[in-house]
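Me: I would like to go through this model term by term, asking what each description rests on. Could you set each value against its criterion before drawing a conclusion?

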Amino acid sequence: MSKVVITGGAGFIGSHIAEEVAKEYEVVIIDNLDDYYSPDLKRRNLEILLANPNVRFVEGDITDTDLLRRVIDSDVEFVYHEAAQAGVRISVENPFKPNNVNVLGTLNVLKASLDAGVKRVINASSSSVYGKVKYLPFDEAHPTMPVSPYGVSKLAAEHYCRVFYEVYGLPTVSLRYFTVYGPRMRPDLAISIFARKMLANEPITVYGDGEQTRDFTYIDDIVRVNRGLLETNAADGHVMNVGGGHRITVNDLIAHLREITGSASEVVYSDKQKGDAEHTLADIGLAEGLVEYRPATAIADGLKKFVEWYTAHSR
Ligand SMILES: NC(=O)c1ccc[n+]([C@@H]2O[C@H](COP(=O)([O-])OP(=O)(O)OC[C@H]3O[C@@H](n4cnc5c(N)ncnc54)[C@H](O)[C@@H]3O)[C@@H](O)[C@H]2O)c1
């Protein structure tokens with residue numbers, strides 16, 4: 001059975017990819033169970049994953065080069081690189097940690113993968129690399145002018161992936177995710193915070209006037225495009241947007257959640273936060289052309305599935 005390594009596989013997106021890929025591959029997860037949010041949530045994800053005998057977990061840090069060399073050995077065919085210090089706001093408070101994990105960590109993953117003869121590294125990038133909006137939707141040729149240290153670190157990681165492809169011949173693909181949501185999502189993300197507070201009828205805080213827009217992508221669409229990349233080299237060397245292809249305002253997002261939850265939560269508007277993007281919207285034409293990426297989950301349906309999952313798992 002072919003072997004796939006998933007860095008950050010105990011987290012939100014990595015655990016979903018692991019669950020899907022482990023149906024056909026041997027999967028090794030590397031994750032340091034970082035406490036940016038509760039490690040208990042990550043342990044719960046691992047409990048689900050480790051029920052499949054194809055999955056093995058190695059607790060460790062991607063900044064540890066010796067560990068990476070041991071885990072990414074010559075039997076490994078593919079690497080999904082999902083481990084990161086995520087979160088825009090925390091990167092504004094402490095820019096060193098995202099740089100260390102997201103830039104140095106990525107470089108370590110690439111070098112270990114190159115040395116092991118890995119067939120493809122699939123790198124989780126972010127719409128945060130765009131930053132300042134020149135036009136919408138963002139296509140991949142849109143200027144990259146990040147507005148947070150997190151965005152800078154993800155952009156540097158992307159460039160390392162491209163250079164490892166062009167200079168060293170290691171096949172890499174970077175996927176620019178646009179605000180991913182769904183079951184097991186990070187508790188620090190807006191949809192998660194809003195749903196939690198709305199179900200408790202507590203006030204929710206919106207930073208800015210709520211007219212900022214976001215392109216939200218349901219986790220199943222992200223898993224599908226990642227899984228497909230094990231079967232094709234069509235995207236090697238590329239950076240591709242994988243968004244939902246639509247955007248909604250934060251106010252509309254709240255309206256959807258209010259309809260689903262029946263909440264009476266008050267909305268409190270507060271100052272805009274440093275580092276937050278004003279608008280995001282993906283042009284997904286490149287991913288559609290290269291790997292037939294077509295997001296299939298409408299926001300109203302995805303939010304409903306998320307709230308159902310949250311209600312069942314929040315006790
Ligand atoms: N969720 C989104 O909306 C979104 C959007 C754009 C990009 N991304 C990117 O997708 C990837 C996955 O994001 P997520 O939302 O699942 O986040 P997450 O925090 O749930 O998952 C990241 C995982 O990486 C692990 N990790 C952190 N530092 C590590 C280290 N030094 N060594 C080993 N493991 C480490 C964490 O413990 C965590 O389990 C990240 O690269 C993130 O930057 C996510």
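Me: In which loop does threonine 179 lie?

Reply: In this predicted model, threonine 179 belongs to the loop that runs between β6 (172–177) and β7 (180–181).

Me: What makes the phi of threonine 179 worth a remark?

Reply: Its phi is positive, at about 25 degrees, although threonine 179 is not a glycine.

Me: Which peptide bond is cis, and what is its omega?

Reply: The bond leading from leucine 136 to proline 137 is the cis one, with omega near -5 degrees, and proline 137 is found in the loop between β5 and α6.

Me: Why are α5 and α6 called roughly parallel?

Reply: The two helices, α5 (96–116) and α6 (residues 149–166), pack at an angle of about 15 degrees, with their axes 8 Å apart. Angles under 35 degrees count as roughly parallel, and α5 is therefore roughly parallel to α6. As for the sense of the crossing, α5 passes α6 in a right-handed one.

Me: Which residues of α5 and α6 meet, and how do they divide by class?

Reply: On the α5 side, the residues that meet α6 include Val103, Leu107, Leu110 and Leu114, while those on the α6 side include Ala156, Ala157, Tyr160 and Phe164. Divided by class, the residues of this contact of α5 with α6 are 12 nonpolar, 4 polar and 1 charged.

Me: What makes α1 and α2 roughly parallel?

Reply: The angle between α1 and helix α2 (residues 39–49) is about 5 degrees, and their axes are 10 Å apart. Since the limit for this term is under 35 degrees, α1 and α2 are therefore roughly parallel to each other. In this packing, Ser15, Ala18 and Glu19 of α1 meet Asn45, Ile48 and Leu49 of α2, a contact with 3 nonpolar, 2 polar and 1 charged residues.

Me: Which residues bring α1 and α8 together?

Reply: Ile13, His16, Ile17, Glu20 and Val21 in α1 meet residues of α8, among them Ile219, Ile222 and Val223. By class, the contact of α1 with α8 comprises 6 nonpolar, 2 polar and 2 charged residues.

Me: Which residues are closest to the ligand, and which elements give two or more residues to its shell?

Reply: The ligand is surrounded by 29 residues, of which Gly8, Gly11, Phe12, Ile13 and Ala84 are the closest. Two or more residues of the shell come from each of α1 (12–21), β2 (26–31), α5 (96–116) and β5 (120–126), and the largest share, 3 residues, is that of α1. The shell has 13 nonpolar, 10 polar and 6 charged residues.

Me: Where does UniProt place a domain?

Reply: An unreviewed UniProt entry gives the feature "domain: NAD-dependent epimerase/dehydratase" at residues 4–243. In the model, the end C-alpha atoms of residues 4–243 are 24 Å apart, and the span is 39% helix and 20% strand.

Terms used:
Residues numbered from 1 in each chain as written. Predicted model: local features only at pLDDT ≥ 70, side-chain atom pairs only at ≥ 80, totals over all residues. Near = placed C-beta within 6 Å. Helix = DSSP H or I, 4+ residues; strand = E, 2+ residues; numbered from the N terminus. Nonpolar A, V, L, I, M, F, W, Y, C, P; charged D, E, K, R; others polar. UniProt positions renumbered as here; feature names shortened; annotations may be inferred. Axes fitted to C-alpha atoms, helices over the stretch in contact; angles between N-to-C directions. Parallel < 35°, antiparallel > 145°, perpendicular 65-115°, else oblique. Left-handed = near helix turned anticlockwise from the far one by under 90°. Contact = placed C-beta atoms within 7 Å.
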